[in-house]
Amino acid sequence: MLKFNESVHIQQPVDRVFSFATDLNNNLEWQTDVLEVELTSGGSIGPGSTYRCVNEFLGQRIETEGVVSEYEHGKKCSFTLTSGPVTGQSSFFFEPIQDGTRFTTTGELNLNMFRFAGWLIGRMAKEKIRNDLAKLKTILENGNGNRRALSESH
């Protein structure tokens, strides 16, 4: 089981960070292992929305399906991975702080296909998460993200 809890301070308002980070299409911009992602339930993201995601980790293509299990605009978005070689849950938390937003991602994932090297895989996955958070911070602070998501958050 991979457990993680990582945060980053982003010098942007909560609404902007929330709108960008919870738009699954933006995962391709800031999550380095995401190859494909689609909202399979149609419409906009919210409680009960379903999605499909294809990631690459250690040269392995990993396809998962999931559901948005909790969604509180501007505060929290949680995901439950329901099928695929990786199962579990993860959450995004958004906290207004002086000069911006504290964005935190937490989770508990069962990495069934990588059991043979659990501690090493866990270390690599946590480093990837930290790098992704740094990329998210750079995109949002420099205004280089998805123009639609950034403009909708104003």
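Reply: When I say contact, I mean heavy atoms within 4.5 Å. With that in hand, go to Phe-93. Leaving aside neighbours within four places in sequence, Phe-93 is in contact with Lys-75 and Lys-76, and also with Arg-102, Phe-103, Thr-104 and Thr-106. This is a predicted model, where local features need pLDDT of at least 70 and side-chain atom pairs pLDDT 80 or more, while totals for chains, interfaces and linings use all residues. Numbering runs from 1 along each chain as its sequence is written, and side-chain values use heavy atoms, without hydrogens or water.

Phe-93 belongs to strand β6, residues 86-97 (strands, E, have at least two residues and helices, H or I, at least four; both are DSSP runs numbered from the N terminus). Is Phe-93 buried or partly exposed? Its relative accessibility is 31%, so it counts as partly exposed (buried is under 20%, exposed over 50%, partly exposed in between, with a 1.4 Å probe and protein chains only). Now look across to Thr-105: Phe-93 and Thr-105 are twelve residues apart in sequence, yet their C-alpha atoms are 6.4 Å apart in space.

Phe-103 is in the largest nonpolar core, which has 35 residues (a core is a set of buried Ala, Val, Leu, Ile, Met, Phe, Trp, Tyr and Cys joined through side-chain atoms within 4.5 Å). The members that touch the most others are Phe-103 along with Ile-10, Trp-30, Phe-79, Phe-94, Leu-109 and Leu-136. Helix α3 gives the largest share of this core, seven residues. In soluble globular proteins, nonpolar side chains tend to be buried together.

Setting aside residues within four places in sequence, Ile-10 is in contact with Phe-103 and Leu-136, and its other partners include Val-17, Asp-99, Gly-100, Thr-101 and Leu-140. So what about α3 itself? The helix covers residues 118-142, and Leu-120 lies in it. Leu-120 counts as partly exposed because its relative accessibility is 37%.

Asn-55 sits in strand β3, residues 50-57, and at a relative accessible area of 14% it is buried. Beyond its neighbours within four places in sequence, Asn-55 is in contact with Asp-33, Val-34 and Leu-35, as well as Gln-60, Arg-61 and Ile-62. Asp-23, in the loop between α1 (14-21) and α2 (27-30), is buried too, at 13%. The C-alpha atoms of Asp-23 and Ile-45 are 7.4 Å apart, although 22 residues separate them along the chain.
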